[in-house]
Amino acid sequence: MNNKKEENPSLPAEVTSGAVDARAVAAPPNARSSMMHFPVDARGLSLKILATVAAIFALSAGHSFFIPLVFGIFLAYTLNPVVKWLERCHVPRLIGTSLLLSVIVCGTLAGAYNLRDEFNSILKDLPIATQKISRALKTTENGEVSTFQQMQTAAAEIEKATNQVAGMRTVPKKSMTDQSVFNITQWLWAGSMGAMAFVGQALVVIFLVFFFLLSGDLFKRKIVRISGRSLSSRKITVHILDAINTSIQNYMLILLVTNVLFGLLMWGVLQLVGLENAGAWAVAAALLHVIPYFGTVLIMGAMSLAAFMQFETISSILTVSAATLVIATIIGTFVTTWMTGKMAKMNAAAVFVSLLFWTWLWGIWGMLLSIPLIFIIKVISDHVEELYAVSELLGE
């Protein structure tokens, strides 16, 4: 009988001979516990990134088409319940749609016509306001040189010293007081062109709303049909469309209630302060309040300018600014928060990032459309399994 152990051919020689430490043979079970493995489909990920970039570029390049289209869809969603109510009252859809849009357009024009004198007064005071601001920038109340002029003089001296060190001859420049800060003619021309473009887009939106309302549930039925042949997929599509419809209508209701309330409160405060053309400024404040976050800042700037134009005192500016901030805070904290509590909970940071993105993409119109767009993305992500990560990031 052979006393020598037979070596196991399936193990290394060091293991069979016992020359290696046991820790080298069996690693601790938690040696790689801090690392996670994510399987990545490089080709699929690359295609998704390219598709996303292409979609963003298309939205940016075609903003003149997509912005009126999105506005038209949102307004059609908002006004559709009214048209349905008229249908239940045995009013044909064509007549109900025409009647509703006529009332909205005529009411808007009538309101603008009633406030025309106040808006004309504001426009007439613009040259006087420009002179007042110019005097305020030149000198302080004590007749001393203002900070703006001190900075201008310091910059000129630094430029002169730099040119002398570099051996360059200083070229005399005209004083800033002889040059206008901006060309008022070009500014007015650009404003006129912007107003004409706004009117053109408004007409496009009105026609889009008319045809969307006239079609009724036609597009909804078509989307359900192309969503899939199975009954489950069609049910999910109907649920998504209903949730989007509810979200848009709730958001538009919030905008209507909060902005009307903000305009009324601003009108009351401006009347108490004694500001001229309080009705026109209140309407402008209500329109600017539509813009999330930044609207309040614009309103404070506009109200402060109006107070400075009339009273030319710091106390009036502080009073109007403080009143605007208090009203915006009360409405935003209590009314808007209470009403949005009935809607889908959204992550505030994600909403703000969405606001920045759509503002960068579409400018001022992106500010107005960012929140309903992010609501739609959230609703779709909640019902699509592949978009679970997006839904989790947007939710609270």
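Reader: Is Arg 93 buried or exposed?

Author: This is a predicted model, where local features need pLDDT of at least 70, side-chain atom pairs count only at pLDDT 80 or more, and totals for chains, interfaces and linings use all residues. Residues are numbered from 1 along each chain as its sequence is written, and side-chain values use heavy atoms, with hydrogens and water left out. Buried means under 20% relative accessible area, exposed over 50%, and partly exposed in between (1.4 Å probe, protein chains only). Arg 93 has a relative accessible area of 14%, so the label is buried.

Reader: Which residue forms a salt bridge with Arg 93?

Author: Side chains of opposite charge can pair when their charged atoms come close. A salt bridge here is a side-chain nitrogen of Lys or Arg within 4 Å of a carboxyl oxygen of Asp or Glu. For Arg 93, the closest N and O atoms are 2.9 Å apart, and the partner is Glu 87.

Reader: How accessible is Glu 87?

Author: Glu 87 falls in the partly exposed class, because its relative accessible area is 34%.  The structure holds 3 salt bridges in total. For Glu 87, the value asked for is 34%.

Reader: How many residues apart in sequence are the parts tied together by Asp 242 and Lys 220?

Author: The side chains of Asp 242 and Lys 220 meet in a salt bridge of 2.7 Å, N to O. Asp 242 lies in helix 10 and Lys 220 in helix 9, so the bridge ties together parts that are 22 residues apart.

Reader: What relative accessibility do Asp 242 and Lys 220 have?

Author: Asp 242 counts as partly exposed at 32%. Lys 220 is partly exposed too, at 31%. The values are 32% for Asp 242 and 31% for Lys 220.

Reader: What separates Asp 382 and Lys 378 along helix 15?

Author: Asp 382 and Lys 378 form a salt bridge, with the closest N and O atoms 2.9 Å apart. Helices (H or I, at least four residues) and strands (E, at least two) are DSSP runs, numbered from the N terminus. The two residues are 4 apart in helix 15, so their separation is about one helical turn.

Reader: Which helix gives the most to the positive patch?

Author: Patches are made of residues with over 30% relative accessible area and no salt bridge; like charges are joined within 9 Å, nonpolar side chains (Val, Leu, Ile, Met, Phe, Trp, Tyr) within 5 Å. Arg 221, Lys 222, Arg 225, Arg 229 and Arg 234 gather in a surface patch of positive charge. With 3 residues, the main contributor is helix 9 (residues 218–226).

Reader: Is Arg 225 buried or exposed?

Author: Arg 225 lies in helix 9. Its relative accessibility is 54%, so Arg 225 counts as exposed.

Reader: Which helix gives the most to the nonpolar patch?

Author: The nonpolar surface patch includes Leu 94, Ile 95, Phe 198 and Leu 214, and its residues together have about 1000 Å² of accessible area. Helix 5 (93–114) and helix 8 (184–215) each supply at least two residues. The most come from one of these, with 7 residues: helix 8.

Reader: How far apart in the chain are the partners Tyr 251 and Phe 375?

Author: Rings of Phe, Tyr and Trp (its six-membered ring) pair if their centres lie within 6.5 Å; planes under 30 degrees apart count as stacked, over 60 as edge-to-face and the rest as tilted. The structure holds 8 aromatic pairs. Tyr 251 and Phe 375 form one that is edge-to-face, at 5.9 Å centre to centre and 85° between the planes. Tyr 251 sits in helix 10 (residues 231–273) and Phe 375 in helix 15 (residues 364–383), a separation of 124 residues.

Reader: Which residues do ring pairs link into a cluster?

Author: Phe 357 and Trp 358 form an edge-to-face pair, 5.3 Å centre to centre and 75° between the planes. Phe 357 counts as partly exposed at 30%, whereas Trp 358 counts as buried at 10%. The cluster linked by ring pairs is Phe 357, Trp 358, Trp 360 and Trp 362.

Key: Areas by Shrake-Rupley, 256 points an atom, 1.4 Å probe, with all protein chains shown as cover. Lys, Arg positive; Asp, Glu negative; His and termini not counted. Charge placed at Lys NZ, Arg CZ, Asp CG, Glu CD.
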